[in-house]
Amino acid sequence: MGSSNDSQVRLIVFGRQGAGKGTQASRLAQNHGIPHISTGDMLREAVREGTDFGKRAKEYMDAGQLLPDDVMLGLVSERLSRPDTSRGWLLDGFPRTAGQAEDLQGLVADGGITLAINLEVPEDVVVDRISSRRVCESCGTIYSVGDPSADSGKCAKCGGTVVQRDDDTEDAVRARLATYNEQTAPLLGWFEAQGLLANVDGVGSPDEVATRVGAAVDERL
Ligand code: ADP
């Protein structure tokens with residue numbers, strides 16, 4: 001994970017499915033010049049590549065289930081050891097269980113975490129958002145039904161194909177929301193107890209939410 005360095009910016013973004021976590025995480029990482037490490041994106045890439053690992057991962061993902069913690073630890077620790085993390089990193093989608101939070105603590109023992117941001121969006125709002133969510137298979141840009149790229153199926157950024165994620169079906173979404181409430185939501189208390197949590201209202205336009213997120217991080221830096 002690079003050398004121990006107090007000036008590293010290490011951010012975690014939490015939020016239930018559809019909270020706008022991916023969108024905000026990507027903007028925030030860009031603003032701070034650190035890599036946006038999304039475990040969901042990494043897994044989807046492995047699925048696209050059709051590796052044995054990707055095939056196994058797809059079974060969990062399509063069922064809305066989490067992959068085992070030891071598998072995720074291997075994936076994340078390798079990613080955090082790459083040179084582009086020398087100035088820090090932003091984690092999106094990890095940690096998601098108590099075991100993963102402990103694993104992460106072990107990985108960052110040399111400097112800790114700068115801030116965990118919790119994007120708060122009520123469950124009924126996210127169910128609406130997810131059912132209209134579309135994503136570019138090539139570059140990962142997220143669109144909503146009604147946006148030209150979503151409706152035409154062609155990404156305005158890279159020309160890739162815009163599709164609905166296999167795990168954005170209603171059943172899989174319900175399973176993921178239940179898992180979030182059971183396994184991930186309890187982690188927030190742990191970050192809060194250490195003074196590392198910023199709760200940010202995630203309802204509003206992407207720009208409005210980005211302003212709130214940016215302010216919460218700036219206050220900490
Ligand atoms: P969402 O937050 O909408 O569920 P992600 O893109 O973050 O979507 O993750 C998609 C799927 O990838 C998850 O449902 C899960 O199967 C798997 N996954 C992602 N991150 C993790 C993780 N930290 N631990 C276990 N499984 C994960």
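This is a predicted model: local features need pLDDT of at least 70, side-chain atom pairs count only at pLDDT 80 or more; totals for chains, interfaces and linings use all residues.
Residues are numbered from 1 along each chain as its sequence is written, and side-chain values use heavy atoms, with hydrogens and water left out.

Asp168 counts as buried because its relative accessibility is 4% (buried is under 20% relative accessible area, exposed over 50%, partly exposed in between, with a 1.4 Å probe and protein chains only). Setting aside neighbours within four places in sequence, Asp168 is in contact with Ile130, Arg133, Val173 and Arg176 (contact means heavy atoms within 4.5 Å).

## Around the ligand

The ligand has 19 residues around it, and the closest are Thr39, Gln65, Gly93, Gln100 and Arg176 (a residue is near if one of its heavy atoms lies within 4 Å). Helix H2 (residues 39-49) gives the largest share of this shell, four residues.

In the side chain of Gln100, an N or O atom is 2.9 Å from a nitrogen atom of the ligand. For Arg165, a side-chain N or O atom sits 3.2 Å from an oxygen atom of the ligand. On its own the ligand has 550 Å² of accessible area, and the protein covers 97% of that (Shrake-Rupley method, 1.4 Å probe).

## Bridges across the chain

The structure holds 15 salt bridges. One of them pairs Arg16 with Glu123, with the closest N and O atoms 3.7 Å apart. These two are 107 residues apart and link distant parts of the chain: Arg16 is in the loop between strand S1 (9-14) and helix H1 (21-32), and Glu123 is in helix H6 (residues 123-131). Arg16 is buried at 19% relative accessible area, whereas Glu123 is partly exposed at 31%.

Arg27 and Asp207 form another salt bridge, their closest N and O atoms being 2.7 Å apart. Here helix H1, holding Arg27, is linked to helix H9 (residues 206-220), holding Asp207, across 180 residues. Arg27 is partly exposed, with 28% relative accessible area.

Conventions
A polar contact is a pair of N or O atoms within 3.5 Å; within protein, one must be able to donate a hydrogen and the other to accept it, and residues adjacent in sequence count only if both atoms are side-chain atoms. A salt bridge is a side-chain nitrogen of Lys or Arg within 4 Å of a carboxyl oxygen of Asp or Glu.
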